[in-house]
Amino acid sequence: MTRSGLPNAVGLYDPKLEKDSCGVAIVANVKGERSHSIVADGLTALIRMSHRSATGPEENTGDGAGILLALPHEFFAEIGKEALGFELPEPGLYGVGMIFLPQDRSERARCKAVVERYIAAQGQRFLGWRRVPTNNELLGSGAREGEPVVQQVFARAAKGLSPAAFERQLLLIRKQAYHAIRELNLEEVDLYSAVSFSSRVIVYKGQLLPE
C-alpha cells in the first residue's frame with residue numbers, strides 16, 4: 001500500500017492517476033466477442049459503485065447512472081419489424097439515437113421534427129422512431145417531475161459512406177439538433193437530450209441510483 005492508502009502500482013494501474021470523480025467500470029472481451037454476460041457483469045459492476053453515487057433529499061433519487069454497450073443488432077433487427085414495420089440494414093449501415101424528449105406532445109413533436117431535419121440535412125436517411133419501454137416505480141418524486149419521454153430514432157447511412165464517416169455524421173446530427181432545439185425556447189426544453197447517437201454503441205441511463 002502507498003502512504004495515501006492506495007494499492008501499489010501494478011500492471012495498468014498507477015495510484016498517481018487516481019482522481020476523485022464519478023465512478024466508471026469497464027467490462028470487455030479482449031477478443032471482441034459479444035455476449036450477454038458482458039452486460040450482466042457491467043450491471044453488477046454498476047451496482048457495486050453505489051458509494052460513488054450522490055443522492056438528494058430523497059433516498060431513491062440519484063444524480064444519475066447508466067450503461068454504455070455495443071449496439072445490439074439482433075435485438076434491433078427483431079424490434080425493427082414490430083416498431084418500424086420494416087427490416088433494418090446490416091450492422092454499421094444504420095445508427096440509433098437514444099433521445100430524451102418533453103412530456104408535452106406538441107413540444108415533443110417539434111423536437112423530433114428538428115432531429116429528422118438534421119438527419120436529412122446531413123444526407124442521411126430517417127427511418128423512424130421507437131418508444132422505449134420504461135418503469136418509473138422506483139424513481140423518487142423529484143426524478144418523476146423531470147422525467148422525459150424516452151424514444152429511439154433510427155437513421156440509415158447514405159450510400160457509399162464509410163463507417164467512420166457515418167459515425168461523424170451522426171455526431172454532427174446530434175450536436176446540431178441539440179443547439180437548434182435549445183433555440184426553440186420550449187417550456188420543457190430542459191427535458192430534451194440526445195444521450196447517444198451512434199452506429200456502434202448505445203447508452204441507457206436515467207436519474208436513478210446504480211442499483
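Reader: Is Glu-74 buried, partly exposed or exposed?
Author: This is a predicted model. The relative accessible area of Glu-74 is 48%. Exposed would need over 50%, and buried would need under 20%. Therefore Glu-74 is partly exposed.

Reader: Which residue forms a salt bridge with Glu-74?
Author: The structure holds 2 salt bridges. In the one with Glu-74, the closest N and O atoms are 2.8 Å apart. The pair links distant parts of the chain, with Glu-74 in helix H2 (residues 73–83) and its partner in the segment before helix H1 (36–47). That partner is Arg-34.

Reader: Is Arg-34 buried or exposed?
Author: Its relative accessibility is 51%. The cut-off for exposed is over 50%. So Arg-34 counts as exposed.

Reader: Which residue meets Arg-182 in a salt bridge?
Author: Arg-182 itself is partly exposed, at 28% relative accessible area. The N to O distance is 3.0 Å. The partner is Asp-190.

Reader: Where does Ser-199 lie, and is Ser-199 buried or exposed?
Author: Ser-199 sits in the loop between strand S5 (193–198) and strand S6 (201–206). Its relative accessibility is 10%. Buried means under 20%, so Ser-199 counts as buried.

Reader: With which side chain does the side chain of Ser-199 make a polar contact?
Author: Leaving aside residues up to four places away in sequence, Ser-199 touches several residues, including Leu-71, Tyr-94, Phe-166 and Leu-170. Glu-167 is also one of those it touches. The polar contact spans 2.7 Å. The side chain on the other end belongs to Glu-167.

Key: Residues are numbered from 1 along each chain as its sequence is written. This is a predicted model: local features need pLDDT of at least 70, side-chain atom pairs count only at pLDDT 80 or more; totals for chains, interfaces and linings use all residues. Side-chain values use heavy atoms; hydrogens and water are left out. Helices (H or I, at least four residues) and strands (E, at least two) are DSSP runs, numbered from the N terminus. Buried means under 20% relative accessible area, exposed over 50%, partly exposed in between (1.4 Å probe, protein chains only). A polar contact is a pair of N or O atoms within 3.5 Å; within protein, one must be able to donate a hydrogen and the other to accept it, and residues adjacent in sequence count only if both atoms are side-chain atoms. Contact means heavy atoms within 4.5 Å. A salt bridge is a side-chain nitrogen of Lys or Arg within 4 Å of a carboxyl oxygen of Asp or Glu.
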